[in-house]
Amino acid sequence: MLSLHAANAPRPTHDPPRIGLAIAGGGPVGAMYELGALRALDEACDGLDLTRLDCYVGVSSGAFFAAGLANRMDTAELCRIFISGDSEDVQFRPETFLRPALGEYLKRAAATPQLAARLLRDVWSGRTDSRWSDLLNRVGSLVPTGLFDNAEVERFLRDVFSRHGRSNDFRMLDRALYVIGVDLDSGEAVRFGDVGWDEVPISRAVQASAALPGLYPPVEMADRAGRTRHFVDGALRRTMHASVVLDRDVDLMLGINPLVPFNPGKDASEDAQAHRFSDRRIIQAGLPGVLSQTLRTMLQSRMQVGLARYPQQYPGIDQVVFEPNAADRELFYTNIFSFSARRRISQLAYRNTLTDLRERRSQLEPVLARHGITLREEVIADRPRSILAHLPPAPRVTDATARLTHALDDIERSLRRRGMV
């Protein structure tokens, strides 16, 4: 599903055009959908280099890919890391992201004796506030703030961004990168990578942005004043934080939101996999299904409010946002925290995005042309196209070759700007 808001008052674009990318969150399944959509855009759009955009903003799981692209990790390499598993550079193991937060469990358990003593003292003294509601509230403080250990997530990313010419420092990137987190105590959205928060390592910022309450514990860090603050998932304030990109004076904003409410009344997918759940209703999925639909509805409705307002706020900026089809049963009924379906979900996103480009081609082409982008006919017309079948061979990468490749890319881009190649 594609949302296109062409500029109401097109202005002369920068030379070269300034393009920004905003990627929302959505857990592991949402991340795989985002990767499939990014790969489709990379293959189908001539003149669009996703590793050379002017601004990136990532929220929650979307922060993984925003940070990777800003570090010049192209979509082919990201697919080899997270989908096919044949990257010679990075070894991704899903269990790294799903290790129990034993330290958090022990910390909460250690508080049990003290809490029990207070409760007995209150009951013995006859305090009137020692009722069932108060008891439940106090016992609730013993429940861990997260099931899994996100310190492993940070270590994984720190390793990835510290090798082969990449950087784990916002200030060392040649493109603006913002990762959004939310201060748990104040509810304030914080832009890691912005002034005052650019000293935070990128891996730490992504860890904080992806700290979905209940799944991962809040991430503790100190601000410049030395105050201890706790950060959680950036989606708590806004779904995609597209305004961060739009405020950067871009000419074109691309956005990806992987979570939309399921609507079985829409035209269903022709994919045979989708019919596995064709007779199911959301209520049959129990509490997880109800919560998933509620979350999806809240996130998308918030984003739609923003997208409806942005054309008036930013009349000179073209905006293109990609989302799943509302009738994709396969996507909805896949566990949002599962990595096992990553090939299937990324392929679904890949095909959906190519379909959107093909079916909205007449409206998209004049908008994209303003920014030097054309659609590759051989890609969007290839209906049975597979995301993995067209991946180029994995290159051998060392720190020296990575730096040389970056330097050559810079030279080629400079020559193209001057019309010399």
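Guide: Buried means under 20% relative accessible area, exposed over 50%, and partly exposed in between, with a 1.4 Å probe and protein chains only. This is a predicted model: local features need pLDDT of at least 70, side-chain atom pairs count only at pLDDT 80 or more, and totals for chains, interfaces and linings use all residues. Residues are numbered from 1 along each chain as its sequence is written, and side-chain values use heavy atoms, with hydrogens and water left out.

Now the rings. A pair of aromatic rings is described by the distance of the centres and the angle of the planes. Rings of Phe, Tyr and Trp (its six-membered ring) pair if their centres lie within 6.5 Å; planes under 30 degrees apart count as stacked, over 60 as edge-to-face and the rest as tilted. That rule gives eight aromatic pairs. One of them joins F65 and F82, edge-to-face, at 5.7 Å centre to centre and 85° between the planes. This pair links distant parts of the chain, 17 residues apart: F65 sits in helix α2 (residues 61–70) and F82 in helix α3 (residues 75–84). Helices here are DSSP runs (H or I, at least four residues), numbered from the N terminus. F65 counts as buried, at 2% relative accessibility. F82 is buried too, at 9%.

Next, F192 and W197. Their ring centres are 5.5 Å apart and their planes stand at 85°, so this pair is edge-to-face. F192 is buried, with a relative accessible area of 0%. W197 counts as buried at 12%.

Back to F65 and F82: together with F92 and F156, they form one aromatic cluster.

Terms used. Helix = DSSP H or I, 4+ residues; strand = E, 2+ residues; numbered from the N terminus.
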